[in-house]
Amino acid sequence: MLDISPEELLAEGVIRPYLEIKAPISGYVTSMKLNVGKYFQPGEAICEIVDKGHMMLNLTAYEKDLPFLTSGGKITYVVNGVGSKEFNATVLSIGQEVDIASRSLELYARADDSHELFRPGMYVTARIHKK
C-alpha cells in the first residue's frame, strides 16, 4: 500500500526517514495541512491540489437575469487581475434557490479559454449573451 518494496530496504540497508506520497491527480499543491511529526488518519487530507486544466467559474446572477440564463448558454467575462481581455465560458448549472438577502442565485460555468495568470479565487466580471 505504501509503495515500498522489501528488496529496496534490504539493498539500501537503511529505512528512509521520509515517505513519498503520490497524488492521484496532477496540479499545483496548495494549503499544506502538515508539519513534521504529525500523524494522519486514513483518508485525511494533507493538502489541496489545484488542477488548472479545467477552470470553472462560480458566478452570482441576480433574479432579474433568470429569463436570460440557460444551461449551455454563452458568457463572456473579464478577469479583474489579468486586464481587459475578454474570455468565453459556457453555463453548466443554474442554482435553484434564490438568496433572500441578495436576491441572487449561484451559477456555474466552464471556462472555454485559459490563461497562465488565472488563479483560483480570482474575481471576474461576466456578461450573459442573450438569445
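This is a predicted model: local features need pLDDT of at least 70, side-chain atom pairs count only at pLDDT 80 or more; totals for chains, interfaces and linings use all residues.

Colleague: Which residues are closest to its centre?

Modeller: Those are Leu57, Leu59, Val124, Thr125 and Ala126, out of 25 residues that line the second largest pocket.

Colleague: And which strands each supply at least two residues of that lining?

Modeller: Strand E3 (56-62), strand E4 (74-79) and strand E7 (124-128) each do.

Colleague: Which one gives the largest share?

Modeller: E3 does, with seven residues of the lining.

Colleague: How do the lining residues divide into nonpolar, polar and charged?

Modeller: For the second largest pocket, you get 17 nonpolar residues, plus four polar and four charged.

Colleague: Okay, changing topic. How many helices and strands does the chain have?

Modeller: There's one helix, and there are seven strands. Reading from the N terminus, the order is α-β-β-β-β-β-β-β.

Colleague: What about burial: what percentage of the residues count as buried?

Modeller: It's 19% of the 131 residues in the chain. Buried here means under 20% relative accessible area.

Colleague: And how much accessible surface does the chain have?

Modeller: The total is about 10300 Å², and carbon and sulfur atoms account for 56% of that.

Colleague: Last one. Among contacts between residues at least 6 apart in sequence, what percentage join residues at least 24 apart?

Modeller: That would be 52% of those contacts in the chain.

Key:
Residues are numbered from 1 along each chain as its sequence is written. Side-chain values use heavy atoms; hydrogens and water are left out. On a 1 Å grid over the protein atoms alone, a cavity is a set of points where a 1.4 Å probe fits but cannot get out, and a pocket is an open set with protein on both sides within 12 Å along at least five of seven lines; lining residues have an atom within 4 Å of a point. Helices (H or I, at least four residues) and strands (E, at least two) are DSSP runs, numbered from the N terminus. Ala, Val, Leu, Ile, Met, Phe, Trp, Tyr, Cys and Pro count as nonpolar, Asp, Glu, Lys and Arg as charged, and the others, Gly among them, as polar. Buried means under 20% relative accessible area, exposed over 50%, partly exposed in between (1.4 Å probe, protein chains only). Contact means heavy atoms within 4.5 Å. Accessible areas come from the Shrake-Rupley method with a 1.4 Å probe; for residues, only the protein chains shown count as cover.
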